[in-house]
Amino acid sequence: MKTVLIVSFNFPPLAKVSVVRALKFCKFLPEFQWNPWVLTVDQRYYGKAIASELQPEMHALYVSRLPYFRVPAARTIMALLFPLLVLLFVARNRHRIDAIYMVGSPFHPFIITPLLTKALRIPVVLDFRDSWSMNFGYDGQPRHTVRILKRIQRKFYFLIEKIALRYTSAATFATQILKTEYILAHPTYSSKYHTIYNGYDEDDFKGVQPLSLTSGKTIIVAGQFSIYLGNQLEEILKAVRDIPDLTLIYVGSEHEIIRNTAHKLDMLEQVIIHSFKPYSYILRLLAGCDYGLLSNGVINGLGTKIFDYLALKKPCLCLVPKGSIITQLFGNVEGVFISEKPHSKKKIVNQLIKLMQKSSINADEQLVKFTRRNSTKELSHILDTITPTQ
């Protein structure tokens, strides 16, 4: 069995959805003859964003954590030093490593790719997951509307990307749209590009016991939500307010924003708000709710919530930009409702009324190819291709 070093600054017990992709790869890679060895940072760099319980996959993993420096701005300093420390770690352990998988964000560690592949001669897969240098703002914000300092920063990022893509063995993206965007931006290296979708882990849904927080109809959203909506968040909440027998449940790091907005609209009695909760608990809430709600700010953004809703057969409303990958993949599923920006109260009320006429959906046919096991199989095939046969 070969060993792949999984390099991810963000990793459990960090309480963010960004850790799930790498973690699920780690879970299933041994099925495809790859032994994952995780390199990340001490959990104290994550501050208070720590999950109260570890995911079951963590208990079987071999994880190396870079040391914690007790200095002011410790996280910023570690982020800056992370590429160098990764390079030193790999150099010291190069005879034990057959390949490297490095995932963003942060993306700046990708700059060491030439040293990994050329100096140390270890094949590398760079997982961009989401867009980096081309993200000038949510919903396709035009480049000319971005502040000059931000544009200079993006030019620097673009340079790092170009160098990393030139020397990497392969690069992966979470959606076909994002892959296409990178083909247009960096066409020279397009033969190295692959799409590996996110998805759902069938094991997570076995034996889930539904948890209902109220007797009436409920619609739930977990994770990032308002960040993609800006001033349209009020329109969404006003739409919920106009349907008195519907309760909104929010779980995630934006709990204060949601609470403050609900208070401003005098609708606190119609919302139930929680800070971050373990994924197992969130699944119980999802199973106990009637409908799902999500938002996304870029057309290439897919996320993971849509898979949770579909796997639990929950009708859902998706607030997305025009041309979204969510619309392309799931817009034809009965029970999946799409609202494209701008989101007015009237439009959302109409969509919610349609949504509440559905009690369940069946998206099994669409979900078949989106399991985490299948995604990991794709990654293992890429790793097999870039590593020499023994």
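**Figure 1. Ile306 in helix α9 of the predicted model.** Ile306 is part of helix α9, which covers residues 305–311. The model shown here and in the other views is predicted. Ile306 is buried, its relative accessible area being 0%. A second residue included in this view is Asn198, which is 108 residues from Ile306 in sequence. In space, the C-alpha atoms of Ile306 and Asn198 are 10 Å apart.

**Figure 2. Strand β1 and its burial.** Strand β1 is made up of residues 2–7. Six of these six residues are buried, so β1 is largely enclosed by the rest of the structure. Lys2, Val4 and Ile6 point one way from the strand, while Thr3, Leu5 and Val7 point the other way. Residues on both sides of β1 are buried, Lys2 and Thr3 among them.

**Figure 3. Pairing of β1 with β2.** Strand β2 spans residues 34–41 and runs parallel to β1, with six bridges joining the two. The bridge partner of Lys2 in β2 is Trp34. Between β1 and β2 the chain passes through helix α1, residues 20–28, in a right-handed β-α-β crossover. Val7 has Leu39 of β2 opposite it. Strand β2 is itself mostly covered, as seven of its eight residues are buried.

**Figure 4. Further strand pairings of β1 and β2.** On β1, the view shows a parallel pairing with strand β4 (residues 99–103), made over four bridges. In this pairing Val4 stands opposite Ala99 of β4. On β2, strand β3 (residues 62–66) is joined by five bridges, and these two strands also run parallel. Opposite Trp37 stands Tyr62 of β3.

Figure 5. The structure contains one cavity of 30 Å³ or more. The volume of the largest cavity is about 40 Å³. The lining of the largest cavity includes Ser8, Asn10 and Ser18. Val103, Gly104 and Ser105 are also among the lining residues, as is Arg129. By residue class, the lining holds one nonpolar residue, five polar residues and one charged residue.

Figure 6. Most peptide bonds are trans. The bond from Ser105 to Pro106 is cis, with omega near 0°. Pro106 is placed in the loop between β4 and α3, the latter covering residues 113–119. Pro342 is found in the loop between β13 (336–340) and α11 (345–355).

Figure 7. Most residues other than glycine have a negative phi. Arg121, which is not a glycine, has a positive phi of about 60°. Arg121 lies in the loop between α3 and β5, where β5 is residues 124–129. With a relative accessible area of 69%, Arg121 is exposed. For Asp266, phi is near 55°, again a positive value in a residue other than glycine. The loop that holds Asp266 runs between α7 (255–264) and β10 (271–274). Asp266 is exposed, and its relative accessible area is 72%.

**Figure 8. Cysteines without a disulfide.** How many disulfides does the structure hold? The number is zero. Cys316 has its closest cysteine sulfur in Cys318, at 4.2 Å. A disulfide requires two cysteine sulfur atoms within 2.5 Å, so the sulfurs of Cys316 and Cys318 are too far from each other for a bond. Cys316 is buried, with a relative accessible area of 0%. Cys26 is likewise buried, at a relative accessible area of 2%.

Conventions:
Residues numbered from 1 in each chain as written. Predicted model: local features only at pLDDT ≥ 70, side-chain atom pairs only at ≥ 80, totals over all residues. Heavy atoms only, no water. Buried < 20%, exposed > 50% of the residue type's maximum accessible area, 1.4 Å probe, protein only. Pairing = 2+ DSSP bridges. Right-handed = clockwise from strand over helix to strand, strands pointing away. 1 Å grid on protein atoms, 1.4 Å probe; cavity = no way out; pocket = protein on both sides within 12 Å on 5 of 7 lines; lining within 4 Å. Points joined across faces, edges and corners; volume = space filled by probe spheres on them. Nonpolar A, V, L, I, M, F, W, Y, C, P; charged D, E, K, R; others polar.
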